[in-house]
Amino acid sequence: MTVKLIKNGVIVTAADTYKADVLIKEGIIAKIGIDLESEADEIIDATGKYVFPGGIDPHTHLDMPFGGTVTADDFETGTKAAAFGGTTTIVDFCLTTKGKPLKESIAAWHQKAGRKAVIDYGFHLMISEINDAVLAELPSIINEEGITSLKVFMAYKNVFQADDGTLFRTMLAAKEHGAMVMVHAENGDVIDFLIHKALEAGNTEPIYHALTRPSIIEGEATGRAAKLAELAGARLYVVHVTCAEAVQQIAEARNQGVDVWGETCPQYLVLDQSQLEKPDFEGAKYVWSPPLREAHHQEVLWNALKSGQLQTLGSDHCSFNFDGQKDLGRGDFSKIPNGGPVIEDRFSLFYSEGVHQGRITLNQFVDIVSTRSAKLFGLFPQKGTIAVGSDADIVIFDPLAERILSAETHHMNVDYNPFEGLKVTGLPVSVLSRGEFVIQDCQFVGSLGTGRYVKRAPYKAVNR
Ligand code: URP
Ligand code: ZN
Ligand code: ZN
């Protein structure tokens, strides 16, 4: 392995911004300083560039069966696209099946990822039932297999949804063994009722997806989960927060000392509910759950990120082609596969709309797009920062480059881009995973299967 030196760049971490060079040996950051040229075999000039820790995407769905089909991106196309976008670690959701050993599902997820991933990855584990068999498996899954986050869906009735008893018992088990519980917080029972009412009334268009999942229902489920976490004394992480009502519940719980954390996603920061009204069924491209909200929620989300009431940014990448997948829901919005392609654009979009537009600082950017997820999900300090001893997962980023996001140029395996036509400033030029280029001068130079599964540490309290 050649010894590399990234020279003349500006290193940015969650805490500091400074000019120094980074020496990489055996995939690890060996030194940070000046005058290190004599120790290097290869010099990478980063003049005029930021040197960021690689992005950590805490929320992806690759090669996942959902909505009567399977996501368009697998671990090959999804992790390649992530790398192009400046992400060097993902944590993907491993689905489980009731009545089947959890370890079988985990083995199946390893099969999907192992020979394909080009960047490092970990897994969250879905929990939909708690019984003696599940309780017996959890300690070793958490402490030996390094899956330290358990996901419970409070929505998707008759598909993934678990009841409150299951959520609460998952929290108790998670607390006992050092895991965090993640929730998809929407009231699935009420949504199910509203969907049936809408369809009965002949309201079948994509916009009814949003209208049958109002923000009050997300706020209610978020508050309920936070109360259960308080009672259980567990750590809770609310995925894909979209609205003022949910932010308020998280903020209130945190102010009372409850161990609750919140994630939002780029789509909720820059797109709004009106996209679902696009003609010719195009609104289906914008069907996520929870749904895009009215535009006034965006400012609430930005302010929550800025003030620390929300802490992370996931892509919730769950891609389906418009032709052949999203169109399963023509004539019935409830059959539109939920989700969209964001893994590639998460990092740049957030830099452009956040730092370039003056909404957040450079250091907040790094914290939200990388470091905080590393800390919450048991990856820090191996990942999520630029420090001696950390993995050399690094993005060399041109802050001045401009481009237009488009399906014509993206690398995701999907026939549309929800941010089509949006101009962004800032470009990941080169991306290294454990010291090896995956992207070099905007070209893919990695190899399939070089991404490694990362065992994550059980949680400890971190400073807020
Ligand atoms: O619409 C979404 N968010 N699809 C992915 C599954 C989920 O709920 O995260
Ligand atoms: Zn969800
Ligand atoms: Zn998701």
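**Exercise 1.** At 2% relative accessibility, does Lys383 count as buried or exposed?

*Solution.* Start with the ground rules: this is a predicted model, where local features need pLDDT of at least 70 and side-chain atom pairs count only at pLDDT 80 or more, while totals for chains, interfaces and linings use all residues. Residues are numbered from 1 along each chain as its sequence is written, chains are lettered from A and ligands numbered from 1 in the order in which they are written, and side-chain values use heavy atoms, with hydrogens and water left out.

Next, the cut-offs: buried means under 20% relative accessible area, exposed over 50%, and partly exposed in between (1.4 Å probe, protein chains only). Lys383 has 2%, so it counts as buried.

**Exercise 2.** Find the salt-bridge partners of Lys383 and the network around them.

*Solution.* Step one is the rule: a salt bridge is a side-chain nitrogen of Lys or Arg within 4 Å of a carboxyl oxygen of Asp or Glu.

Step two: Lys383 pairs with Asp120, at 2.8 Å from N to O. That pair ties together distant parts of the chain, 263 residues apart, with Asp120 sitting in strand 12 (residues 120-126). Strands here are DSSP runs of E, at least two residues, and helices are runs of H or I, at least four, numbered from the N terminus.

Step three: Lys383 also has a salt bridge to Asp393, at 2.7 Å from N to O. Both of these residues are in the loop between helix 12 and strand 18. Asp393 is buried too, at 4%.

Step four: through shared partners, Asp120, Lys383, Asp391, Asp393 and Arg434 end up in one network.

**Exercise 3.** Work out which arrangement the donor atoms make around the zinc ion (ligand 3).

*Solution.* First, pick the donors: N, O and S atoms within 2.8 Å of the metal (3.2 Å for Na, K and Ca); water is not among the atoms, so sites may look incomplete. The protein supplies His59 (NE2), His61 (NE2) and Asp316 (OD), 1.9 to 2.1 Å from the zinc.

Then check the angles: four donors count as tetrahedral if all angles lie between 85 and 135 degrees. The four donor atoms here give 87 to 135°, so the arrangement is tetrahedral.

Finally, look around: another zinc ion (ligand 2) is 4.0 Å from the zinc ion (ligand 3), and both His59 and His61 are buried.

How values were computed. Tetrahedral: all angles 85-135°; square planar, octahedral: opposite > 155°, others 65-115°.
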